[in-house]
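Please examine the chain below before reading on. The paragraphs after it are meant to be read with the structure in view.

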Amino acid sequence: MKTTARLITVIVVLTLVLGSLFAWKMQQIKQQQTLMSQAPPPAVVEATRVVEDAWPQSLSAIGSVRAVNGIRIANEMAGVVESIEFESGQQVSAGDLLLKLNTDTDQAGLETLKAEQRLALQQFERYSNLIKGKTISQSVFDEAKATLEAAEARVHEQQAILNKKRIRAPFDSIIGLRMVDLGQFLQVGTPIVQLSMLDPIYVDFTIPERELPRISVGDRVEVRVAAHPGQLFSGAVLALETSVSTESRTLTVRAELPNPEHRLRPGMFANVSTYRGQQDRVLTLPRTAISYNTYGDFVFVIESGEDQQKMVQRRSVTTGEVRDGRVSVTSGVKKDEQVVATGLLRLRNGQAVEIVDSVTSDKATN
């Protein structure tokens, strides 16, 4: 009897405990269902509108800065450096003397050749008088004339050698770093110094062949370089290459820019934009209003739901150029539609929103 009573007591206690646990769990489930059934509070967002702007037709490309004239001066004749007539970084004019090579031996050779020239001239003048009286044959006179001409040619040749040992600037330019020293023996073709004409200056860049109809000589060009962030260099398209590269199917374009302060230097990497007088009407949005991902770009359009509650609808868009923080949108939205300006990552399709502010700087710079 005692065993049976104990068993019954245990069963009753377990039943009460399990029942309490079950009731507590059911109460939790009901509370969760109640919370889930309640709509989340509207997300607070900033809004902006799709606006129509007039953008000049443009192309963007990358290129390199190069000098109008840029060469590395080298010697044509071998010799020992006698004097250096320039300083690194100096500005020189066309014809300025840069360097002299020793010419003692060449000068002595020139004097010898001039003596031979004088003798040949005297011989020719004597025969010129004799040929008038026909006391010498025509062949003897012709031989004297040829001897004089050969002597004059040798003098000119030696003088040219001497001139080549006086190295001069071929154009107005800025001198780079000196590469030779006083007294150094220079073999033919030894680099001496870099010369660059920096004002004006060229920028060469490439465009795809399909863009050829959108660019022509005279179009305005704007260039940005990493060395001068925030500064814009303006110029114009100077020339287009006559043929398209068969390897890359691109065309090389050259622009010319004034560079009076020499801020642009040959070899700089350049971001280039070209503009034409004709303008396109485009729909634009701030860059922050567009979400970019590998599956396509999208925006959240703000629409009015039931009871005039604002809700967002995710909509795919096709984007184009970016200028001054604004993006052209070629499809997916209409003019004056209201979209979320910031905070797109925390939104989901169909979510209620509350607009607390609107982005007022909607107008792009034309």
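The model is predicted, with local features requiring pLDDT of at least 70, side-chain atom pairs counted only at pLDDT 80 or more, and totals for chains, interfaces and linings using all residues. Residues are numbered from 1 along each chain as its sequence is written, and side-chain values use heavy atoms, with hydrogens and water left out.

Along the principal axes, the C-alpha atoms occupy a box of roughly 170 × 65 × 40 Å. The radius of gyration is 43 Å, whereas a compact globule of 366 residues would have a value near 21 Å. That radius is taken over C-alpha atoms, and the globule rule is 2.2 Å times the number of residues to the power 0.38.

Of the 366 residues, 34% count as buried, where buried means under 20% relative accessible area, exposed over 50%, and partly exposed in between, with a 1.4 Å probe and protein chains only. The accessible surface amounts to about 22,500 Å², and carbon and sulfur atoms contribute 53% of it; the areas come from the Shrake-Rupley method with a 1.4 Å probe, and for residues only the protein chains shown count as cover. Among contacts in the chain with a separation of 6 or more, 74% are between residues 24 or more positions apart, a contact being heavy atoms within 4.5 Å. The chain has 41 positive and 42 negative charges, whose mean positions lie 9 Å apart. Lys and Arg count as positive and Asp and Glu as negative, while His and the chain ends are not counted; each charge is placed at NZ of Lys, CZ of Arg, CG of Asp or CD of Glu.

Two strands pair if DSSP finds at least two bridges between them. Within this sheet, β4 (residues 79-84) is joined to β6 by three bridges, and Ile84 has Leu99 of β6 as its bridge partner.

Thr103 lies in the loop between β6 (97-101) and α2 (104-132). Its relative accessibility is 8%, and therefore Thr103 counts as buried. Beyond residues up to four places away in sequence, Thr103 touches Glu82, Leu162, Lys165 and Arg166. Gln158 belongs to helix α3 (residues 138-164) and is buried because its relative accessibility is 13%. Apart from neighbours within four places in sequence, Gln158 contacts Asp106, Gly109, Leu110 and Leu113.

Ile73, in strand β3 (residues 70-74), is buried with a relative accessible area of 7%. With residues up to four places away in sequence set aside, the residues touched by Ile73 include Leu98, Ile167, Pro170 and Ile192.

Attention now turns to β14. Its covered face is formed by Leu251, Val253, Ala255 and Leu257, and its uncovered face by Thr250, Thr252, Arg254 and Glu256. Eight bridges connect β14 with β11 in the antiparallel sense, and Pro208 stands opposite Thr250. β13 also pairs with β14 in the antiparallel sense, over four bridges; there, Val237 has Ala255 as its bridge partner.

Asp199 and Pro200 are joined by a cis peptide bond with omega of about 0 degrees, and Pro200 is in the loop between β10 (191-196) and β11 (201-208). Arg249, in the loop between β13 (233-240) and β14 (250-257), has a positive phi near 55 degrees although it is not glycine. Arg249 is partly exposed because its relative accessible area is 45%. His262 has a positive phi of about 60 degrees and lies in the loop between β14 and β15 (269-286).

Finally, β17 (residues 310-323) and β18 (residues 326-331) pair in the antiparallel sense over four bridges. They form a hairpin with two residues between the strands, and Asp324 in the turn has a positive phi of about 50 degrees. Thr318 stands opposite Ser331 of β18. Between Thr318 and Ile73 the C-alpha distance is 53 Å, and the two residues are 245 residues apart in sequence.
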